[in-house]
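User: I am new to this structure and would like to learn how to read its features one at a time. Could you take me through them slowly?

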Amino acid sequence: MTEANNPADKPAEKEGVFDSEKGGHPKRATMANFFLALKHINDASVSENVRQRFSDYVTIGLVILCILSLLAAVSIQVPTGVRLLPLLLTIGAVVFYIINRLGIMVSLTHRQALIVWQILVAGFWLGVTSSMLIMLLVMYFFSRPL
C-alpha cells in the first residue's frame, strides 16, 4: 500500500475532519483539527510502543529546574548578574531540547519534515515576538515614575 493510500497515515481524514468541496480539495476545520491533533499527540505519548529515551527525561528535568530557577531569580533579592544565570540556563535547556528532537526528522518523509520545520520556525517567531513584547511591557511599566 502506498503512503498516500494508507488510511493509518491520515488519522484526521479517517475521523471525518475533512469535507470534500466541489473541486475535491479537502476543507480543513481548523479548531477540530487542533483538538484532534492534541488528542492524537496525547494518545501517542501514552502508547505502549513508544519508548522515552533518557535524554527525554533529562529535558523534562531541565524544564522543571528552569522554571524553579526563573521563579527564584525574580522573587529573591540577588544581584542582576546572578538573575541572568537562570535565563542562560533556560536558553541552554531549550537549545538542548531542540537538538535532541531534530534527529527524529530524518525518519520522516520529506513532506512531514517540511511541516515539522515550518511549525518549529513558527514557534521560534512566536517566542521571539512574545519575548520582545514582554521586554517592552516591562521597560514601559518599570520606567514610569510612581
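Analyst: Let us begin with contacts, a contact being a pair of residues with heavy atoms within 4.5 Å. Of the contacts in the protein chain with a separation of 6 or more, 33% are accounted for by residues 24 or more positions apart. This is a predicted model, in which local features need pLDDT of at least 70 and side-chain atom pairs count only at pLDDT 80 or more, while totals for chains, interfaces and linings use all residues. Residues are numbered from 1 along each chain as its sequence is written, and side-chain values use heavy atoms, with hydrogens and water left out.

User: Which pattern does the protein chain follow along the sequence?

Analyst: Helices (H or I, at least four residues) and strands (E, at least two) are DSSP runs, numbered from the N terminus. Here the protein chain has five helices and two strands, and along the sequence they follow the pattern α-β-β-α-α-α-α.

User: How many of the residues in the protein chain, as a percentage, count as buried?

Analyst: Buried means under 20% relative accessible area, exposed means over 50%, and partly exposed lies in between, with a 1.4 Å probe and protein chains only. By that reading, 10% of the 146 residues of the protein chain count as buried. Accessible areas come from the Shrake-Rupley method with a 1.4 Å probe, and for residues only the protein chains shown count as cover. The accessible surface of the protein chain comes to about 12300 Å², and 71% of this belongs to carbon and sulfur atoms.

User: Which residues of H3 are buried, and where do they fall around the helix axis?

Analyst: An α-helix has 3.6 residues a turn, so residues three or four places apart point the same way. In H3 the buried residues are Ser-55, Asp-56, Thr-59, Cys-66, Ser-69 and Ala-73. Seen down the axis of H3, these buried residues fall within an arc of 145° (taken from the directions from the helix axis to the C-beta atoms), so they line one face of the helix. The face of H3 turned away from that buried side carries the exposed residues Phe-54, Leu-68, Leu-71 and Ser-75.

User: What do the buried residues of H4 pack against?

Analyst: The buried residues of H4 are Pro-86, Thr-90, Ala-93 and Asn-100, and they pack against helix H3, residues 54-75. Thr-90, for instance, is buried with a relative accessible area of 19%, and, not counting residues up to four places away in sequence, Thr-90 touches Cys-66 and Leu-70.

User: How many salt bridges does a search of the whole structure find, and which residues form a salt bridge?

Analyst: Side chains of opposite charge can pair when their charged atoms come close. A salt bridge is counted when a side-chain nitrogen of Lys or Arg lies within 4 Å of a carboxyl oxygen of Asp or Glu, and a search of the whole structure finds one. Asp-43 forms a salt bridge with Lys-39, the closest N and O atoms being 3.0 Å apart. Both residues lie in helix H2 (residues 30-45), four residues apart, about one turn of the helix. Asp-43 is partly exposed at 38% relative accessible area, and Lys-39 also counts as partly exposed, at 45%.
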